[in-house]
Amino acid sequence: MSLSMFVQHFLNALTLGSLYALIAIGYTMVYGILRLINFAHGEIFMLGAYFVFWGVTLLHLPWFMAVVVSIIVTSFAGIMVDRVAYRPLRDAPRISALISSIGVSFFLQNFAIVVFSAIPREVQRPEWLVNVIVLGKVRLLPLTLVVPVLSFVLMLALLFVVYKTKPGLGMRAISKDIETSRLMGVPVNKVIALTFGMGSALAAASGIMWALRYPQLQPVMGVIPGFKAFIAAVFGGIGSIQGAVIGGLILGFMEIMIVAFMPSLAGYRDAFAFVLLIIILLFKPTGLLGEKLEDKV
Amino acid sequence: MSTSQDLVLETRNVTMRFGGLTAVSDFNIQIEQGRIYGLIGPNGAGKTTCFNMITGFYTPTEGSIVYKGIDITGLPPHKVCHLGIARTFQNIRLFSNETVLQNVMIGGHLRQKTTWWHALLNLPSYFGEEKAIRHKALALLDAVGLKDHASEKADSLPYGAQRRLEIARALATEPSFLLLDEPAAGMNPQETQELMGFIKNIREQFDLTILLIEHDMKVVMGICEHIWVLDYGVTIAKGSPKEIQSNPKVIEAYLGEEYVQNA
Amino acid sequence: MMEVGKRRDYILNTIALGCLALFLYWAEGNLDGYKIQILNLIAVNIILALSLNLIYGFTGLFSLGHAGFMAIGAYTCALLILSPAQKEMMFILEPAMWPFSVMHAPFLVAVFAGGLMAALFGLLIGLPVLRLGGDYLGIATLGFAEIIRVLANNLPRVTNGALGFKGIPGYANIWWNYGWCFVTLYVIVRLVNSNFGNALKAIRDDEIAAKAMGINTFKYKLISFSIGSFFAGVGGALLASLLTTIDPKMFLFILTFNVLMIVVAGGLGSISGSVIAGIIITVLLEWLRFVENPITIGSFYIPGIPGMRMVVFSLTLLFIILFRRQGIMGMREITWDTILGVFRKRGGGA
């Protein structure tokens, strides 16, 4: 493989990995504070993409505005999902919230089919993002450079909020012990809402960038990336933001690089994630950076 | 003193560390057949940790546990129970969705010889065994005074009755060594009196050796023949109830240095 | 006193079975194909619901891998009831691998084999996976189900890849389906009502206490998981013959979701709940098709809304989990005692 090919694959892997990482962060944050696997997160990703599409075609918003509006609306949608489907089950057995999240996931997918129709739609992409630039022998879309950079910026912003602000402190407290946090005066419901909001914003950003990269919108577009990103989060250590990022990047690299070096495995690409899942669950279920939670006897 | 062979249980230099925290250090006890022993100490002293090590829920970081001559260190809980050690829990752990009778029958399950295959094929041997287990379970419920509640759901019982049910369930496993974790917790003085008599009775009736963790000093001093005292994982005293009662270290552990100084 | 009660139940059960047989005989001759298909689906769904209920409702194992075991059962059965000649014609991507290309067996054996293969996979998958708790178990089983699906897509010499099988002999008529349904019901009832079943429930209620009472929880979980997988395989096998075509796309997570929905709606830990919900939900799913098909009322044409069916379905699940998470029956069962009790009340009162 030539160097230029390698560079191309590398950048593609970085892009894909970043997209997975952004989604994985949302899963890991919600699991960290609520011990809940938010099955509906993949659909939030999907909504982010669709709202931009709507903004541009229906409301005739300029592109950047549509993106901003979509992120805001999708964050709000994420918060609403928690409010309606998870909050009432805070004191129920955990499995109930899990089943609820599965229900929301299917509901949103099919709701999208009803509203947006199941026909895949082409996304109109801004010129400047998709004009191919040539650097030596490497042919790139500017998008391939924008995604990792933008993702990196977003992740930094998130880490800033989590580690350097009061609400972020609240999040970390709740993830350690929700009852004590409540007793210490942390506005638990508000912090949880913020967590869902931020996670959803990142997922929306990822959805938008995904739609630009693979310009087809489908109501079920969130299912497979969502599940893979979840596996990435588990692999990196569910509950750990850094773990989610690492897991996402590793998965992205595996998918692109393995197929690049062994094209015959292309049909099994979707299975790599599951192989990662099996490996981590067998050898270190808490993930690369995860902590063990003991049962009190 | 009896040799290792005669002892029901012996722990040798047993230590439990969780990361940097030493929960129990150098725990050495010798348990003789047929007697009632007590393990006391302030909260967090490591008493339940000792129970968990003996019953196989934790594997000691150091040391060994020998039961009737067999090294049981690190054996999983179900194997320990098979060998004849049964326990109750500090926070009652009943099978809340099952009936009172079913709870005790589940205790008797490990002694069943027939398997799920037999149940499936409707074999007479299976029926016979289930009937016998049911009988035994009802007899145990009678012994703890819960026979009339047999078909009620376990979590509908009042607290004191739940504790007795837990003991009945443990007895259904046909143990020779019984560990009771705070059996008198939450009981009023009369219930406590009945419990003390009950424990002495079952010791006779079922040929048991008993080790109990307890905070209620009436119970401890009343029925225990030999007591160990733990504080911060260290055995600070051992002996008969009289010796323990007047031991300054014990008083200090429970009530603090100031009490001893000003007493 | 026990013996009299047992004899009464035995008689009542036989009568009920007889009534069911009469009903099925009548239905076969008098109902149209569509309604018979619904009856068939009801039987299969009950089998699937019971198998998942054993694993999740009674043993407490949150397994999301049911679709995978159904797939194994379906493909195994199909490979056995398709004739070698049919297979030769059908495997156009690549010729079928030996022995799959030549194996052939009667329907009873094929369905049983489907269940057995699924149970075997259940055992193999369960060994590493059942050590995990709660959520992790769900994700791991879901992962395995997806892997099975991906394998089905990528092993054309065994499964004909994405094309799947067509023209599978439609042996699964009402008698086979309800016969297997009866077998499933019998096995699960006997298991659950025995002390072995009590031990499973103990594991569900409090695994730590169960261990302390001498129950080898891992072994019991494995047995329960394997038996549940067996019947999932049986359900898949019957489905293959009922629908006469199968392909990997049939075994997506939504299939597991449907079965989960039935179990939750009926009540986790209630056999009668699974039966009742199996009937209701199957009918509901079919009835909801009308929402997706266009209707003409007078001169008004109301176009169908694709996807609406699942919207209603998922909303129903959400309603159940938010407002009545114990489902129809909770953990209770309908026994002859309860049925006769109703009659006694009616007769005695008023």
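Leaving aside its neighbours within four places in sequence, which residues is L230(B) in contact with?

Analyst: This is a predicted model. Once neighbours within four places in sequence are left aside, the contacts of L230(B) are L39(B), G41(B), A45(B), G46(B), K47(B) and T235(B). L230(B) itself sits in strand 9 of chain B, which covers residues 226–231. Is L230(B) buried or exposed? A residue counts as buried if 20 or more other C-beta atoms lie within 10 Å of its own. L230(B) has 26 C-beta neighbours inside 10 Å, and therefore counts as buried. Another residue of chain B, I31(B), is 199 residues away from L230(B) in sequence. In space, the C-alpha atoms of L230(B) and I31(B) are 16 Å apart.

From this residue we can turn to how chain B meets another chain. On the two sides of the contact between chains C and B there are 22 residues of chain C and 26 residues of chain B. On the chain C side, helix 8 (174–193), helix 9 (195–205) and helix 10 (207–212) are the elements that give two or more residues. Helix 9 of chain C gives the most, with seven residues. Sorted by class, the chain C side has twelve nonpolar, five polar and five charged residues.

Chain C also touches chain A. Here 33 residues of chain A are in contact with 30 residues of chain C. Helix 4 (94–116) and helix 12 (269–283) of chain A each supply at least two residues to the chain A side. The largest share of that side comes from helix 4 of chain A, which supplies 15 residues. By class, the chain A side consists of 25 nonpolar, five polar and three charged residues.

Within chain C, one pair of helices can be described as well. Helix 2 (residues 33–58) and helix 13 (residues 271–287) of chain C have axes that come within 8 Å and cross at roughly 135°. The two helices are therefore oblique to each other. Helix 2 of chain C passes helix 13 of chain C in a right-handed crossing. From helix 2 of chain C, the residues that meet helix 13 include I38(C), L41(C), I42(C) and N45(C). Among those that helix 13 of chain C brings to this contact are I271(C), S274(C), V275(C) and E286(C). Counted by class, the contact of helix 2 with helix 13 of chain C has eleven nonpolar, five polar and one charged residues.

Methods. Residues numbered from 1 in each chain as written. Chains lettered and ligands numbered in written order. Predicted model: local features only at pLDDT ≥ 70, side-chain atom pairs only at ≥ 80, totals over all residues. Contact = placed C-beta atoms within 7 Å. Helix = DSSP H or I, 4+ residues; strand = E, 2+ residues; numbered from the N terminus. Nonpolar A, V, L, I, M, F, W, Y, C, P; charged D, E, K, R; others polar. Axes fitted to C-alpha atoms, helices over the stretch in contact; angles between N-to-C directions. Parallel < 35°, antiparallel > 145°, perpendicular 65-115°, else oblique. Left-handed = near helix turned anticlockwise from the far one by under 90°. Buried ≥ 20, exposed ≤ 12 C-beta atoms within 10 Å, placed from the backbone.
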